[in-house]
Amino acid sequence: YPDAWYNLGVAFAEKRSIVNAIICYETAIAYKPKCAEAHNNLGVIYKERGNLPKAILYYEKALQANPNFSHTLNNLGVIYTMMGKLEEAYNYCRRAIEVNPGYAEAYNNLGVLFRDEGRIPEAIKSYEDC
C-alpha cells in the first residue's frame with residue numbers, strides 16, 4: 001500500500017533514520033510512481049545532505065506528478081537560491097505563491113531574496129504578505 005510506505009518514510013525521517021526513510025519513499029514510488037509527496041521528501045533529504053543535483057532531480061519528478069505542488073515549487077526556489085541562480089529562485093517562489101496564495105513560507109523566501117538584493121520595499125511587502 002503506497003500511502004503506508006510514504007507515511008512510514010515520514011515517520012523514519014522525523015526520527016532522523018534517513019536510510020530507512022529513503023527506502024520507504026522509494027518503495028512508495030515503486031507502487032505509485034506519481035507520488036509527488038514522496039519525490040518531494042526525497043528531494044528534501046538530498047538537499048539536507050548537500051546533494052543539490054539529486055534534490056533537483058526528485059523535485060522535478062514531484063512536479064511531473066503534480067505541477068502545482070506548492071511545497072516543491074518553493075523547495076526549488078530555495079535550492080536555486082543556494083546555487084546563486086536568483087532568477088530561477090524568484091520564478092519558483094512566485095509560482096508557489098501563485099498556486100497557493102496563502103503559503104507563508106514562499107512569501108518569506110521571496111522576501112529573503114528581495115532583502116539580499118537590497119530591494120527592501122519589496123522584501124517588506126513579501127514579509128507582510130506572510
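**Helix packing and aromatic pairs in a predicted model**

Arg-115 touches Ile-120, Ala-123 and Tyr-127, leaving aside residues up to four places away in sequence; contact here means heavy atoms within 4.5 Å. This is a predicted model, where local features need pLDDT of at least 70 and side-chain atom pairs count only at pLDDT 80 or more, while totals for chains, interfaces and linings use all residues. Residues are numbered from 1 along each chain as its sequence is written, and side-chain values use heavy atoms, with hydrogens and water left out.

Arg-115 sits in helix 7; helices (H or I, at least four residues) and strands (E, at least two) are DSSP runs, numbered from the N terminus. With 42% relative accessibility, Arg-115 counts as partly exposed, on a scale where buried means under 20% relative accessible area, exposed over 50% and partly exposed in between (1.4 Å probe, protein chains only). Arg-115 and Glu-128 are 13 residues apart in sequence, and their C-alpha atoms are 13 Å apart in space.

Now to the helix pairs. Two packed helices are described by the angle between their axes and the distance between the axes. Axes are lines fitted to C-alpha atoms, for helices over the stretch in contact, and angles run from 0 to 180 degrees between N-to-C directions. Helix 2 (residues 18–31) packs on helix 3 (residues 36–48) at about 150°, with the axes 9 Å apart. That makes helix 2 roughly antiparallel to helix 3 (under 35 degrees is roughly parallel, over 145 roughly antiparallel, 65 to 115 roughly perpendicular and the rest oblique). On the helix 2 side, Ile-18, Ala-21, Ile-22, Tyr-25, Glu-26, Ala-28 and Ile-29 make the contact, and helix 3 brings Ala-38, His-39, Asn-41, Leu-42, Ile-45 and Tyr-46. Sorted by class, the residues of this contact are 10 nonpolar, 2 polar and 1 charged; Ala, Val, Leu, Ile, Met, Phe, Trp, Tyr, Cys and Pro count as nonpolar, Asp, Glu, Lys and Arg as charged, and the others, Gly among them, as polar.

Helix 4 (residues 52–65) and helix 5 (residues 70–82) pack at about 155°, their axes 10 Å apart, and are therefore roughly antiparallel to each other. From helix 4, Leu-52, Ala-55, Ile-56, Tyr-59, Glu-60, Ala-62 and Leu-63 meet Thr-72, Leu-73, Asn-75, Leu-76, Ile-79, Tyr-80 and Met-82 of helix 5. The contact of helix 4 with helix 5 comes to 11 nonpolar, 2 polar and 1 charged residues.

On the aromatic side, a search of the whole structure turns up 4 pairs; rings of Phe, Tyr and Trp (its six-membered ring) pair if their centres lie within 6.5 Å, and planes under 30 degrees apart count as stacked, over 60 as edge-to-face and the rest as tilted. Tyr-80 and Tyr-92 have ring centres 5.7 Å apart and planes at 10°, so this pair is stacked. The pair links distant parts of the chain, with Tyr-80 in helix 5 and Tyr-92 in helix 6 (residues 86–99), 12 residues apart. Tyr-80 is buried at 11% relative accessibility, whereas Tyr-92, at 24%, is partly exposed. Tyr-90 and Phe-114 form a tilted pair, 5.4 Å centre to centre with 35° between the planes. Tyr-90 lies in helix 6 and Phe-114 in helix 7 (residues 104–116), so the pair ties together parts 24 residues apart in sequence. Both Tyr-90 and Phe-114 are buried.
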